[in-house]
Amino acid sequence: MNSELLPHGGDPMGAAIYDFHKNGAAGGRLVVHSSIFDDDEIPVEDLFRTFDRMPALEQAALRMAEGRVLDVGAGSGCHSLALRAMGKKPVAIDISPLSVAVMKEMGIDARLVNLYDENFAGQFDTILMLMNGSGIIGRLENMSDFFGRMKQILAPGGCVLMDSSDLRYLYEDEDGSFEIDLADEYYGLLDYQMEYVPSNSPVTVLGEPFDWLYVDFDTLAFYAEQNGFSAELVAEGEHYDYLAKLTLA
Ligand code: SAH
């Protein structure tokens, strides 16, 4: 058994990132549990994607990033590394201690910070939220808190670049109609729980369950407007995914 894995409790994605960083390969499987889906798996090497392997929407966001850049929920730091290669100087934040440790080892200006912690101050020209960046908002009810927080840390004229997906395709019938019960929770709200299953250890790392929001562009634009922002659809991906730019109206 690899005793290095033991202190990873509660930080499954960080544990996966840490092992990959140390060993140069995935040392296990990163599993996503949800009450709505069958178990899914995130290939750990995808978290270390280089610019060339990133989806076009992420590449577009990195090209647009300018000035003081904040990489929110930075994970392995793949976007921060790509930004640095472009001569930009990002600050990366994440709540995963092991992810932040790995980013620091790679020389990234990384901080163990929760986006919603008001002790973290700054004035950023570009706030990046990528790989379903709306996930960190958690639920639609948190939209006003999210936009309020963006107001605090955006520099004048700055913007938030966020990608997300419209999950309506999950409810699409074969004839193209949609069956979504409006009395239910918003259809983009998912509950996730991550687990890292190391291949060389019987000890798995189970994280706390959390809400993870996918939001369609129109709903995002509605909440943006309610909170004094405007939302621009920058680009659309191949599968109901998109990149949005949020600016103070
Ligand atoms: N942006 C990275 C990782 C995406 S996974 C990539 O594209 O590969 C989402 C990340 O957000 C995780 O690393 C998680 O720890 C972090 N995160 C979740 N909630 C957060 C919060 N409130 N503040 C900062 N980071 C958060």
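How many residues surround the ligand, and which are the closest? The shell holds 17 residues, and the closest are Arg49, Gly73, Asp94, Asn114 and Leu115; a residue is near the ligand if one of its heavy atoms lies within 4 Å of it. This is a predicted model, in which local features need pLDDT of at least 70, side-chain atom pairs count only at pLDDT 80 or more, and totals for chains, interfaces and linings use all residues. Residues are numbered from 1 along each chain as its sequence is written, and side-chain values use heavy atoms, with hydrogens and water left out.

The side chain of Arg49 has an N or O atom 2.7 Å from an oxygen atom of the ligand. A polar backbone atom of Gly73 is 2.8 Å from a ligand nitrogen atom, and a polar side-chain atom of Asn114 lies 3.0 Å from a nitrogen atom of the ligand. On its own the ligand has 570 Å² of accessible area, of which the protein covers 89% (Shrake-Rupley method, 1.4 Å probe).

The open sheet has 7 strands in the order β5-β4-β3-β6-β7-β12-β11, with mixed pairing. Strands are DSSP E runs of at least two residues, and helices are H or I runs of at least four; two strands pair if DSSP finds at least two bridges between them. The edge strands, β5 (109–112) and β11 (229–236), each pair on one side only. Strands β3 (residues 69–72) and β4 (residues 90–94) pair in the parallel sense over 4 bridges, with Val69 opposite Pro90 in β4.

Note on methods. A polar contact is a pair of N or O atoms within 3.5 Å; within protein, one must be able to donate a hydrogen and the other to accept it, and residues adjacent in sequence count only if both atoms are side-chain atoms.
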